[in-house]
Amino acid sequence: MKQWIRLAMVMVVGFLVFSLSMPGVALGAEIDLPTNQTETGLPTDYDPLPERKVKLDDATGWVDITYSTLPGYRPLRLDLYGDYSVGDVQDLSLKPPRPLVVFVHGGGWTNGQKRGTSEFTDFPGVLAFLAKSGYVVASLEYRLSGEEPFPGAVKDVKAAIRFLRANAVKFGIDKNKVALWGASAGANLASLASLSCNVKWFDPIDPKGIYKDVSDCVQSFVGWYGPYDLVQLFGDATIFEKQLTEPQNKDDALKNPEAVGTVAFLRCALDGICPHENLTQASPVKYVDNKDVDKNGQIDDPPMLLIHGKADTAVPYQQSQALVEKVKQVHPQDPDKWVKLLKIEGVDHGFRKKTAENKLDTCVTHQALMLALTATFNFFDEHLLQPPDYPRWTFPEDPICEVVYDFPDLSIVQKF
């Protein structure tokens, strides 16, 4: 019998509801995500409080766990979501252990925080919903461009993975099933971490050698509208020069803050000149290979799902296409095993759709986010939780908007 789960997703423009179906799974008829801070108990803005446990409607959140303390930097923290018991705050073990999904936020390597992405105003509720479905979910912060240039943030992602693996028993994690999920600049960082588990240059700083024998390799990766070939994306090495030296408009004498952050992250010159060598080093396409293997003799490139809006003006969808082409070049025998691409028509960066009046089209934006979540949840289920023939989350058969989607020729979004 088909069961429908109703997941309430809150967006900055209002409250919209979408449906996901998961046949054959005995779950409640309706699951509503909390809509504000009072109900969740978890602020969506950065909150520098000590780590603490917060009971959400659908999962338990352990908030602000410090995973890295490097001299000269602020402590780096993560939030952890799981279907834990409400017992003692220190007793967060799960039986049996569950796959781990680590989310890496975007923000141009310059801003953003671990409790938000795109048009979600209660993204912790989304992560809690995924956790309730059989996972442990972490969302982390990392050093931004004003704190440490590339590759510092990649090392932070790897440090978080090693920290969580080292504490797998405490947190109820299956350390053999770990996935990374990133959005925008977070997709760049997460893909770099995913494709470089044997690249020593990206090893996190570990002065006491606590995690030297802990792996940071992952078993799958999902990227939302990420930049993967920075040479192709930025092209001319002088692309930032005018953005740094000219006002954005006649009333604004400040430099472009996004350009300033990108230049700092990529170690470009102060005048905005950015050598291709710097762009290449920060491009995930550089690290796709079939040579490095993990301790079990398996190729360390994980299976990947890339999702991108075809009308993205900030990071064109050709960025995802470039990574797909590189993977197919390296793995010509069975490319579909390694990478899948879902392109969503008509939506910009963040899966947003603007009207002719430059206002947010809530219907199309909502539906695009729903489709991206459906595909993402299915991909994690396929690679971490259940066998490929297990019933999947399904996209509603009656779409709420007139949108055409370019589905990959695979069972990512599957009708039952």
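With 75 degrees about the S-S bond, the disulfide between Cys197 and Cys217 has a right-handed form. A disulfide is here a pair of cysteine sulfur atoms within 2.5 Å, and the sulfur atoms of Cys197 and Cys217 are 2.3 Å apart. By this rule the count is one disulfide. Both Cys197 and Cys217 lie in the loop between α5 (185–194) and β9 (220–224), 20 residues apart. Cys197 and Cys217 are both buried, where buried means under 20% relative accessible area, exposed over 50%, and partly exposed in between (1.4 Å probe, protein chains only).

The model is predicted: local features need pLDDT of at least 70 and side-chain atom pairs count only at pLDDT 80 or more, while totals for chains, interfaces and linings use all residues. Residues are numbered from 1 along each chain as its sequence is written, and side-chain values use heavy atoms, with hydrogens and water left out.

The protein chain contains twelve helices and twelve strands; these are DSSP runs numbered from the N terminus, with helices being H or I of at least four residues and strands E of at least two. Of the 416 residues in the protein chain, 55% are buried.

Helix α2 (residues 123–132) is mostly covered, with nine of its ten residues buried. Among them are Phe123, Val126, Leu127, Phe129 and Leu130. After α2 comes Gly134, which has a positive phi near 125 degrees.
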